[in-house]
Amino acid sequence: MVGHKNNFKYLILFLIFLLLLSIGIGVAFGSSYIDIVDVYKFLGNKISGKEIFKADWKKTIEVIIWEVRVPRVLLSGICGAGLALCGVLMQCITKNPIADPYILGISSGASAGAVFVIVFGGTLISITIGAFLGAILCGIIVFTVGTQWGKSYSTVRLILTGLAVSTIFSSLTNIFIYSADNANQVKSAVFWTMGSLGRAKWGKSELLLPLVILIIVFFISFFMSKSLDILILGDNSAKMLGMDIAFIKVTIILLTTFLISVQVAITGAIGFIGLIVPHICRAFCGNKHKNLLVISIFIGAIFLIWCDIGTRVLFPPKEIPIGIITSIIGGPFFLLMINKNRFSFGGEKG
């Protein structure tokens with residue numbers, strides 16, 4: 001038991017090191033390369049508030065690092081962690097190994113709201129607000145219909161409702177794109193639906209808000225980790241132990257919906273992170289949610305940071321929508337997991 005705890009601690013330390021390394025590389029690479037040593041030196045000076053290292057780089061480099069790339073890398077880490085965390089939670093409460101954070105159609109609602117504003121004119125702030133309102137509207141519809149106006153609760157009914165509502169909002173998105181007046185509007189709308197971290201900047205709504213909500217969702221989920229362990233065994237087992245299944249599931253769904261709504265409002269829809277990262281994490285720590293939730297935060301953040309690096313370096317100076325990168329990596333990787341019989345969930349293997 002002690003050895004197992006030590007192994008988990010070493011894994012966390014390794015992931016922290018890998019995350020810091022990924023952040024440095026993510027800041028260094030882009031349309032123009034910045035020496036990674038200079039990146040760490042500048043960040044060391046900036047964070048400490050002192051000139052620990054001699055500033056032998058151009059001032060323009062400092063602007064690129066601090067104003068452009070650091071916010072972007074931080075946002076990718078926050079969103080990757082949030083998507084992975086929500087993936088773990090959704091797969092637990094639905095007991096479905098292919099569930100992901102967008103299973104309730106939240107991304108479709110956000111995309112419809114954002115594309116509506118893009119097509120009919122709007123600023124970056126109004127686009128973000130439109131995406132958030134679209135996500136919330138979609139969530140309200142799903143919960144209202146999926147729970148029969150709050151009278152009953154069924155995971156299957158909720159998922160099916162989410163699928164139907166997602167289809168409706170996706171159709172609305174296509175209608176908005178079709179009605180666009182010019183090619184730039186179409187390009188912006190399509191780019192949003194595929195996800196982008198290009199809107200990252202220092203600000204309360206772009207970084208602080210998703211970070212705070214991520215922390216809140218994580219700690220509430222961590223506090224409920226034992227209940228999640230029991231829930232994965234089946235509703236009957238949970239009921240026998242006196243658990244309020246409806247309360248736990250509704251709480252988790254509301255938390256994940258709010259987190260995903262905020263993230264999609266800023267970055268657009270980014271797929272596959274919440275689907276494959278939980279299975280990667282289970283390969284390291286099994287199905288114990290106390291460990292699984294922690295590991296998912298780190299691996300999700302690292303995974304999306306590297307995907308974002310790919311969007312910037314593959315075809316410079318053009319930037320690829322990050323949803324394309326996550327799908328290209330996630331699809332084959334998921335097939336490989338199935339082929340290697342490493343696709344496990346709830347103690348079962350497929």
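Mentor: The expected span of a helix is 1.5 Å times one less than its number of residues. Helices are DSSP runs (H or I, at least four residues), numbered from the N terminus. Residues are numbered from 1 along each chain as its sequence is written, and side-chain values use heavy atoms, without hydrogens and water. The model is predicted, so local features need pLDDT of at least 70 and side-chain atom pairs count only at pLDDT 80 or more, whereas totals for chains, interfaces and linings use all residues.

Trainee: How far does H11 reach from its first C-alpha to its last?

Mentor: H11 has 23 residues, for which 33 Å is expected at 1.5 Å a residue. The reach in the model is close to that value, at 32 Å.

Trainee: How many of the 23 residues of H11 are buried?

Mentor: Buried means under 20% relative accessible area, exposed over 50%, and partly exposed in between (1.4 Å probe, protein chains only). H11 is largely enclosed by the rest of the structure, because its buried residues number 18.

Trainee: Where does Phe 272 lie?

Mentor: Phe 272 is partly exposed, at 24% relative accessible area. Its phi is near 75 degrees, a positive value in a residue other than glycine. Phe 272 lies in the loop between helix H11 (245–267) and helix H12 (273–285).

Trainee: Is Leu 104 buried or exposed?

Mentor: Leu 104 lies in the loop between helix H3 (59–94) and helix H4 (106–119). Beyond four places in sequence it touches residues (heavy atoms within 4.5 Å) including Met 90, Cys 138, Leu 158 and Ile 253. Because its relative accessible area is 4%, Leu 104 counts as buried.

Trainee: What volume does the largest pocket have?

Mentor: On a 1 Å grid over the protein atoms alone, a pocket is an open set of points where a 1.4 Å probe fits, with protein on both sides within 12 Å along at least five of seven lines; lining residues have an atom within 4 Å of a point. Points are joined across faces, edges and corners, and the volume is the space filled by probe spheres set on them. For the largest pocket this is about 330 Å³.

Trainee: Which residues are the closest to the centre of the largest pocket?

Mentor: The lining of this pocket has 17 residues. The closest to the centre are Ile 78, Ala 81, Leu 211, Leu 214 and Ile 297.

Trainee: Which elements give two or more residues to this lining?

Mentor: Each element named here gives at least two residues to the lining of the largest pocket. They are helix H1 (2–28), H3, helix H8 (204–223) and helix H13 (289–313).

Trainee: How many aromatic pairs does a search of the whole structure find?

Mentor: Rings of Phe, Tyr and Trp (its six-membered ring) pair if their centres lie within 6.5 Å; planes under 30 degrees apart count as stacked, over 60 as edge-to-face and the rest as tilted. The number of pairs found is ten.

Trainee: What is the angle between the planes of Phe 42 and Trp 66?

Mentor: This aromatic pair is 6.4 Å centre to centre. It is edge-to-face, with an angle of 75 degrees.

Trainee: How many residues apart are Phe 42 and Trp 66?

Mentor: Phe 42 is in helix H2 (residues 36–48) and Trp 66 in helix H3. The pair links distant parts of the chain, and the separation is 24 residues.
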